[in-house]
Amino acid sequence: MKLLIVEDNARLVERMKYRLEKWFVLESVYSGHEALVAATAHPFDAVLLDLGLPDMNGLEVCRRLRKISPDMPILIITGVDDISSKVELLDAGADDYLTKPFDAQELRARINALIRRRPRLPSISAVTAGDLKLDPSKRTVARAGVPITLRRKEFDILEYLVINKGRVLTRDMIVSHAWTSTSSSWTGSVDVHIKHLRDKVDKPFDYPLIKTVYAVGYMLDVPSETIAEE
């Protein structure tokens, strides 16, 4: 398995290589431009991306890497640790987030989790819940015939809710589906993404679909009178 390390701290790169070279083939670059060139030229099983690069904003590098390879796992490595930053990283296309300083064993475990990640379900045909229609293969959503634009993680979470409509999903279950790492550090981000989903999927329409199950998690539930009308 081949990893791309994008980090401008040469000493840290050498330490990471020392810890990881037993299990992975490693290539390292020191700038955002070099990362984009490398990712365009060669496929990688995962990218370890530092945000503090000398030539480009790390978030922009993440967005461009995601466009180059939609399915390539991206692990962000940075010194910033707060919920708002995590949400911004996820929206930019990151799959996981590791704060400096980090333990080498945890780094390897995160990488393995990314590489083992479950594929999305492109073969599933469009599914519905009341007047909501979601197409996993096209990654499109519409409600009452109105197209709804969702960000990447918002779509992943809504997909999970729709496929399991009527079933209560815990925050940990949602993290396990929508994030490739099952770290509990993402559970706070679930609530933020649910709020964004409600603003787009529920508030503009006649009745809410996303329900909070107190102290447990969330579920997607279609009112019984609506089901009777279908």
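A residue is taken as buried when its relative accessible area is under 20%, as exposed when over 50%, and as partly exposed in between (1.4 Å probe, protein chains only). By this criterion, buried residues make up 45% of the 230 residues in the chain of this predicted model. Local features need pLDDT of at least 70 and side-chain atom pairs count only at pLDDT 80 or more, while totals for chains, interfaces and linings use all residues. Residues are numbered from 1 along each chain as its sequence is written, and side-chain values use heavy atoms, with hydrogens and water left out.

The chain has nine helices and twelve strands, taken as DSSP runs numbered from the N terminus (helices: H or I, at least four residues; strands: E, at least two). Among contacts (heavy atoms within 4.5 Å) with a separation of 6 or more, 56% join residues 24 or more positions apart.

Spanning residues 58-68, helix 3 has G58, L59, V61, C62, L65 and R66 buried. These residues lie on the same side of helix 3 because they cover an arc of only 155° around the axis, the arc being that of the directions from the helix axis to the C-beta atoms. At the start of helix 3, a side-chain oxygen of N57 comes to within 2.7 Å of the backbone nitrogen of L59.

The charged end of R108 is placed over the ring of W23, 3.7 Å from its centre, and R143 lies over the face of Y207, 4.6 Å from the ring centre.

Definitions and conventions:
A charge sits over a ring if NZ of Lys or CZ of Arg is within 6 Å of the ring centre and within 35 degrees of the ring normal. A polar contact is a pair of N or O atoms within 3.5 Å; within protein, one must be able to donate a hydrogen and the other to accept it, and residues adjacent in sequence count only if both atoms are side-chain atoms.
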